[in-house]
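Here is a briefing on one protein chain. Look over the sequence and the model first, then read the notes by topic.

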Amino acid sequence: GIATININGTTGWRRKAIGGDSLDGAERFKLLYDTIYKEWHRRRENAIDRLTYCRMFKHLVVVDAGGLSVADMASQLRILQGGMFRDMPIRLVTIDHLGLIGGDRRMTTYDRVSTQAREIKELAKRISATVFLAVQVNRDSGGDGSRELGLGAARDSGVVEEAMDYLIALRRMDQSTSLTPLEREKYRDVLFAKVVKNRHGMTGKEIAIRFDPRSLALNEDPYV
């Protein structure tokens, strides 16, 4: 799929081609170098990156299906545990996000979300795994996404906070409408995290975590 460039005897090194494009031999050679040699190395680096990612995330399974109920998730986990993870316990389940979980639509939103929060906690206990659940915040608490959050910020149901053992609030200062563009750029790819509930210990101060989009790593940044 890489483009080729024709250089033949009718094209002098510093002579324009007759009846063709306006590139001379030297210009065509540079074009050849840029589009083939550099492109080959770029594709090689990408191939190495893909291989690295495949090795790094070989035990990651993504179930790309919306509207799954908690019972559906439990069924999927049983299939995985009996298949590719037969000899390896499942330690972490990530659900993105609470608002997309299927349920009985005849129930009120509050009752449905409350039921789902309890079911997710029971699921975690049943499979002896950590369940990482993303939860949207209500509009009053979230604002533009830069406000510091606390207990009670979760959307739709207070049972969410009650059911969770740990609750971590995240915000992004680069979304703030009160900062200048230069100030927002300082906080690019930075998440501010704060433990607002810890059933087994103390809550802590807010820390800055920088996201590396290339390696997908999250590292604390004490200098922000």
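Helices (H or I, at least four residues) and strands (E, at least two) are DSSP runs, numbered from the N terminus. On that basis, His 97 sits in the loop between β1 and α3. This is a predicted model: local features need pLDDT of at least 70, side-chain atom pairs count only at pLDDT 80 or more, and totals for chains, interfaces and linings use all residues. Residues are numbered from 1 along each chain as its sequence is written, and side-chain values use heavy atoms, with hydrogens and water left out.

**Overall fold**

- The chain has six helices and six strands.
- Their order along the sequence is α-α-β-α-β-α-α-β-α-β-β-β.
- Of the 224 residues in the chain, 27% are buried. Buried means under 20% relative accessible area, exposed means over 50%, and partly exposed lies in between (1.4 Å probe, protein chains only).
- Contact means heavy atoms within 4.5 Å. Among contacts between residues at least 6 apart in sequence, 48% join residues at least 24 apart.

**Packing of α2 and α3**

- The axes of α2 (residues 70–82) and α3 (residues 109–127) come within 10 Å and cross at roughly 20 degrees. Axes are lines fitted to C-alpha atoms, for helices over the stretch in contact, and angles run from 0 to 180 degrees between N-to-C directions.
- The two helices, α2 and α3, are therefore roughly parallel to each other. Angles under 35 degrees count as roughly parallel, over 145 as roughly antiparallel, 65 to 115 as roughly perpendicular and the rest as oblique.
- The crossing of α2 past α3 is right-handed.
- On the α2 side, the contact is made by Val 70, Ala 74 and Leu 77. On the α3 side, Gln 116, Glu 119, Ile 120, Leu 123, Arg 126 and Ile 127 make it.
- By class, this contact of α2 with α3 has six nonpolar, one polar and two charged residues. Ala, Val, Leu, Ile, Met, Phe, Trp, Tyr, Cys and Pro count as nonpolar, Asp, Glu, Lys and Arg as charged, and the others, Gly among them, as polar.

**Nonpolar cores**

- A nonpolar core is a set of buried Ala, Val, Leu, Ile, Met, Phe, Trp, Tyr and Cys residues joined through side-chain atoms within 4.5 Å.
- The largest nonpolar core holds 29 residues. Ile 95, Leu 98, Ile 101, Ile 120, Leu 133 and Val 160 touch the most other members.
- Two or more residues of this core come from each of α2, β1 (92–95), α3, β2 (130–133), α5 (159–163) and β3 (166–171).
- A second, separate core has six residues, including Met 173, Leu 179, Tyr 187 and Ala 208.
- Not counting residues up to four places away in sequence, Ile 95 touches Met 73, Ile 101, Ile 120, Val 131, Phe 132, Leu 133 and Ala 134.

**Backbone features**

- The peptide bond from Asp 96 to His 97 is cis, with omega near 0 degrees.
- Ser 128 has phi near 55 degrees, a positive value in a residue other than glycine. Ser 128 lies in the loop between α3 and β2. At 53% relative accessibility, Ser 128 counts as exposed.
- Asp 189 has phi near 65 degrees, again a positive value in a residue other than glycine. Asp 189 lies in the loop between α6 (181–186) and β4 (190–198). Its relative accessibility is 30%, so Asp 189 counts as partly exposed.

**Sites linked across the sequence**

- Glu 161 belongs to helix α5. Glu 161 is buried, with a relative accessible area of 10%.
- Leaving out residues up to four places away in sequence, Glu 161 touches Leu 151, Gly 152, Ala 153, Ala 154, Leu 167 and Lys 197.
- Glu 161 and Val 196 are 35 residues apart in sequence, and 9.7 Å apart in space, C-alpha to C-alpha.
- Ala 153 is in the loop between α4 (139–142) and α5. With 6% relative accessibility, Ala 153 counts as buried.
- Beyond its neighbours within four places in sequence, Ala 153 is in contact with Gln 136, Val 137, Asn 138, Ser 141 and Glu 161.
- Gly 99 lies in the loop between β1 and α3. Gly 99 is partly exposed, with a relative accessible area of 47%.
- Gly 99 and Val 135 are 36 residues apart in sequence and 7.3 Å apart in space, C-alpha to C-alpha.

Definitions and conventions
A crossing is left-handed if the near helix is turned anticlockwise from the far one by less than a right angle, and right-handed if clockwise.
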